[in-house]
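Subject: Structure handover

Hello,

Here is the structure I promised to pass on. Please open it first, then read my notes below.

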Amino acid sequence: MRAVVFERFGGPEVLEVREVPDPRPGADEVLVEVKACGINHLDLWVRAGLRGLDLEMPHILGNDVVGVALEVGAAVRHVKAGDRVLVCPTLSCGACPQCHAGDDNLCRQYDVLGRRRNGGYAERVAVPGVNCLPYPGELAWSDAAAVPLVFLTAWHMLVGRAALRPGEDCLVIGGGSGVGSAAVQIARLLGARVIATAGSAAKLERLRALGAHEVVNHATEDVGARVRELTAKQGVEVVFEHVGGAVFEQAVGALARGGRLVTCGATAGGSVGLDLNMLFGRHLTLLGSWMGRRAELVEVLRFIGDGRLKPVVDSVVPLAEARRAHERIEAREHFGKVVLVP
């Protein structure tokens, strides 16, 4: 089969198209014909060389897979050949106390398809049968591939961790990203007033169209000062953050007394300064969030299926041009998700 692989860590130039052996599914697995695969920042980090990540090379990236079941292992009962499936991208042992409690994202063996295990930048991929979820309605393949990881992550951050409530103000940092565009919609669905940031006028307009009540240009405006202006100097109850670095510090400053900040990433840097006087003086809560529970993705797909949440696709790129797709994301030219199709 054709696949996009890399044999050494580096920039987009390490990605190349090759013929590789077809994967063989085990008894508890399903071989999926990939119809579309979404690209996530995680792919870029793995390709660049995540610290401590020991990969068997050549490696195939790709977390967000949708397609058709080609072969079904003997132990799989809920999927049959020919079924359309959306693949849950998260992997866990299924046997530890955390998994039994439904907190599979806290499993010590937790992983994501395409991180250590070969993923969906290919014509076919073998996945655990339990990861094959019913396909959401009549979505186009490319739209469905824009759903799993970002909507799961954003839902867990806003619902599972920050417990965003109707009537609260929610600041979404980087609303033009895949996870940011999901967060804007989820916050709006939950009844919050949404303030979203982006770095260009065009992206700000698209955020308004997506449902943001107010927008802030984080390239030209002081986010904290503008947020306080928009909230009568009170600040927001919840900040959705996934950038890190100086942006994180500004985001903390945008919180109201008793506010909560939830973060899932550090694309701009993992080290930040924190004024402890502000932390305890304003009674703030800082929350880390790691992926999400499998059950949460099932819940999200209900809203995707009935149209209350909609995937945002920036562009659809042929599999053979994965290098160009990575370059577009690294240049921050995208709004929403970039999706690969065979």
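A disulfide is a pair of cysteine sulfur atoms within 2.5 Å. Keep that cut-off in mind for the cysteines. Also note that this is a predicted model.

**Cysteines**

The structure holds zero disulfides. Take cysteine 88. The closest cysteine sulfur belongs to cysteine 132, and the two sulfurs are 9.9 Å apart, so they are too far from each other for a bond. Cysteine 88 is buried, with a relative accessible area of 1%. Cysteine 96 is in no disulfide either. Its nearest cysteine sulfur is that of cysteine 99, 3.6 Å away. Cysteine 96 also counts as buried, at 15% relative accessibility.

**Arginine 228**

Where does arginine 228 lie? It is in helix α7, which covers residues 223-230. Arginine 228 is buried yet has no salt bridge. The nearest side chain of opposite charge is aspartate 222, and it is 8.4 Å away. Leaving aside residues up to four places away in sequence, arginine 228 touches Lys233, Gln234, Gly235, Gly253, Ala254, Leu255 and Arg282.

**The whole chain**

The chain has eleven helices and 17 strands. A compact globule of 342 residues would have a radius of gyration near 20 Å, and the chain agrees, with 20 Å. Its C-alpha atoms fill a box of roughly 60 × 40 × 40 Å along the principal axes. Of the 342 residues, 54% count as buried. Take the contacts between residues at least 6 apart in sequence: 69% of them join residues at least 24 apart. The chain exposes about 14,400 Å², and carbon and sulfur atoms supply 50% of that.

Best wishes

Note on methods
Residues are numbered from 1 along each chain as its sequence is written. This is a predicted model: local features need pLDDT of at least 70, side-chain atom pairs count only at pLDDT 80 or more; totals for chains, interfaces and linings use all residues. Side-chain values use heavy atoms; hydrogens and water are left out. Buried means under 20% relative accessible area, exposed over 50%, partly exposed in between (1.4 Å probe, protein chains only). Helices (H or I, at least four residues) and strands (E, at least two) are DSSP runs, numbered from the N terminus. Lys and Arg count as positive and Asp and Glu as negative; His and the chain ends are not counted. A salt bridge is a side-chain nitrogen of Lys or Arg within 4 Å of a carboxyl oxygen of Asp or Glu. Contact means heavy atoms within 4.5 Å. The radius of gyration is taken over C-alpha atoms; the globule rule is 2.2 Å times the number of residues to the power 0.38. Accessible areas come from the Shrake-Rupley method with a 1.4 Å probe; for residues, only the protein chains shown count as cover.
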